[in-house]
Amino acid sequence: MAEFVGALDQGTTSTRFMVFDHGGGEVARHQLEHEQILPRAGWVEHNPTEIWERTRAVIQTTLNKAHLSHGDLVALGVTNQRETTVVWNRRTGRPYHNAIVWQDTRTDRIAAALERDGRGATIRHRAGLPPATYFAGGKVQWILDNVEGVRQAAETGEAIFGTIDTWVLWNLTGGTGGGVHVTDPTNASRTMLMDLETLDWDEELLSFFTIPRAMLPTIKPSSAPEPYGVTRKDGPLGGEVALTAALGDQQAATVGQVCFAPGEAKNTYGTGNFLLLNTGEELVRSDSGLLTTVCYQFGRERPVYALEGSIAVTGSAVQWLRDQLGIISGAAQSEDLARQVTDNGGVYFVPAFSGLFAPYWRSDARGAIVGLSRYNTNAHLARATLEAICYQTRDVVEAMARDSGVHLDVLKVDGGVTANQLCMQLQADILGVPVSRPVVAETTALGAAYAAGLATGFWSTTDELRTNWNQDKRWQPTWTHTQRQHGYTGWKKAVGRTLDWVDVD
Ligand code: ADP
């Protein structure tokens, strides 16, 4: 009898497959990286064929390692890096161009033109997003405008678009031999093309980007009792398993952290940071620079929405200390270095490497290190880097309180940076709110597994999943109110220094 659920997590830097048991415990996993293709400044691409090869490999290796077969899996869920865009030929299965990754800024002129032409307000209202290079719509337009023959093929539905969930699901269900062309509302809500209320593609939004409807996938629930399809016998699982869930990675982590009630939030600390607050069936439109997005849609239930604060550079600022400045040899060493000092020595580092995302949305900003004096050392810089991760989070938490009226009594965290004890202590101090990390750190894959298992009845209710959540560690605030206020005032001044630095046009 099948007793496990599988989850494929196709992320920005790697692809992993994980198998979970009924208690939400990890049974097996395997992970492989893929190439980051950087053709010129600001451009970031992935090879979709390589991603599919990695997907096949991680599934096969995981099953082999754990001596499992397709028959041991009740269902399979997919979670993915969001916004990254693929256009491929339905007949040959070949991509027309490399995937354009969410961090890629080549569409800055498309985004600026939308604002200039007065379309920003419509996009904000209907799609919940500000026009920005981050989202998929402009990336699809760029491929249609710049790759020969694609537009014509898109009109007839031969060239088709998908975010990575769609690309992987199409391949898992047979590709050119009958693959399904589907996505879910969490991924579709990152395109600037979907109406958040109807959960359908919107003709006017499509017209802004001149995207033919024929190339778009069908939007199905994130947890689907009627499966999207089944895996193929000749595919990496070697047999049929129902594909019953798809969720963008941050929404999946929200599910994995069992944030099912309005007012519950999680913050994931990886390359960037992504804080999502469940707002229930209420669609909260932001006046403070947050995104309104679909959190999940389970079966025939009404969709649940979230407010999201996306921060582009957090863990990747630590990588920058390692790779560009060479002041640490590994990410974990940032903690040892920062512990050599008891405060930031007046130094603030705003890592606005690709402008500032939430809540500022300023593509004219660039990074700055301010407040330097002769006294400062590498240790202050390391400390300022960790503080920057926490201050950016505070900016987002404040915006969230303004938009929703919700004041967090605890912040649930996950992701690679949460291994840094000092950073998590600073987070509690800077927010004045306790920070709590769960035992199962792989909340993204776990969330996809939960959504897949809920669809089949493997788990019967979200309440059942709550009992699987266990705290590993909690950090309590220790700073005084004055300390907190003083520190944050300095941060706001530092952010001010980064603005208006580059001319976008
Ligand atoms: P992603 O899923 O975005 O690839 P992960 O959750 O795997 O990210 O986290 C990786 C990020 O975490 C990297 O940017 C790395 O610099 C950072 N990181 C990992 N360990 C630590 C640490 N001990 N202290 C600070 N940053 C860390």
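Before we start clicking, one term: a cavity here is a set of grid points where a 1.4 Å probe fits but cannot get out. Keep in mind too that this is a predicted model.

**Stop 1**

Select Ala265, Leu275, Leu277, Val397, Met400, Ala401, Val406 and Leu408, which line the second largest cavity. About 40 Å³ of space lies inside. What classes of residue does the lining of this cavity have? It has 8 nonpolar, no polar and no charged residues. Now colour by secondary structure: β16 (273-280) and α12 each supply at least two residues of this lining. Helix α12 gives the largest share, with 3 residues.

**Stop 2: the other cavity**

How many cavities of 30 Å³ or more does a search of the whole structure find? The search turns up 2. Rolling a probe the size of a water molecule over the atoms is what shows where empty space is left. The largest cavity holds about 100 Å³ of space. To get there, select Ile311, Leu356, Phe357, Ala358 and Gln392, which lie nearest its centre among the 16 lining residues. Helices α12 and α16 are the elements that give two or more residues to this lining. By class, the lining of the largest cavity divides into 12 nonpolar, 3 polar and 1 charged.

**Stop 3: a cis bond**

A cis peptide bond joins Ala358 and Pro359, with omega at about -5 degrees. Most peptide bonds are trans. Show the cartoon around Pro359 and you'll find this proline in the loop between β19 (348-350) and β20 (368-370).

**Stop 4**

Next, select Asp343, Asn344, Trp479, His486 and Gly487. Of the 13 residues that line the second largest pocket, these are the closest to its centre. The space in this pocket comes to about 240 Å³. Which elements give two or more residues to its lining? They are α12 (378-404) and α16 (481-498). Highlight α16 while you're here, as the largest share of this lining, 4 residues, comes from that helix. Sorted by class, the pocket lining has 3 nonpolar, 7 polar and 3 charged residues.

**Stop 5: the ligand**

Which of the 15 residues around the ligand come nearest? Select Thr271, Gly315, Gln319, Gly416 and Asn420. The residues of this shell divide into 5 nonpolar, 10 polar and no charged. Helix α10 (residues 315-325) provides the largest share of the shell, 4 residues.

- Gly416: a polar backbone atom here is 2.8 Å from an oxygen atom of the ligand.
- Asn420: this time a polar side-chain atom lies 3.0 Å from a nitrogen atom of the ligand.

**Stop 6**

Jump to Met192. Is its phi positive or negative? Phi of Met192 is near 70 degrees, a positive value in a residue other than glycine. Most residues other than glycine have a negative phi. Trace the chain to either side and you'll see that Met192 lies in the loop between α7 (185-188) and β10 (194-195).

**Last stop: zoom out**

Along its principal axes, the C-alpha trace spans about 65 × 55 × 45 Å. How does the radius of gyration fit with a compact globule? With 505 residues, such a globule would have a value near 23 Å, and the protein has 22 Å, so the two agree.

Conventions: Residues are numbered from 1 along each chain as its sequence is written. This is a predicted model: local features need pLDDT of at least 70, side-chain atom pairs count only at pLDDT 80 or more; totals for chains, interfaces and linings use all residues. Side-chain values use heavy atoms; hydrogens and water are left out. A residue is near a molecule or strand if one of its heavy atoms lies within 4 Å of it. A polar contact is a pair of N or O atoms within 3.5 Å; within protein, one must be able to donate a hydrogen and the other to accept it, and residues adjacent in sequence count only if both atoms are side-chain atoms. Ala, Val, Leu, Ile, Met, Phe, Trp, Tyr, Cys and Pro count as nonpolar, Asp, Glu, Lys and Arg as charged, and the others, Gly among them, as polar. On a 1 Å grid over the protein atoms alone, a cavity is a set of points where a 1.4 Å probe fits but cannot get out, and a pocket is an open set with protein on both sides within 12 Å along at least five of seven lines; lining residues have an atom within 4 Å of a point. Grid points are joined across faces, edges and corners, and a volume is the space filled by probe spheres set on the points. The radius of gyration is taken over C-alpha atoms; the globule rule is 2.2 Å times the number of residues to the power 0.38.
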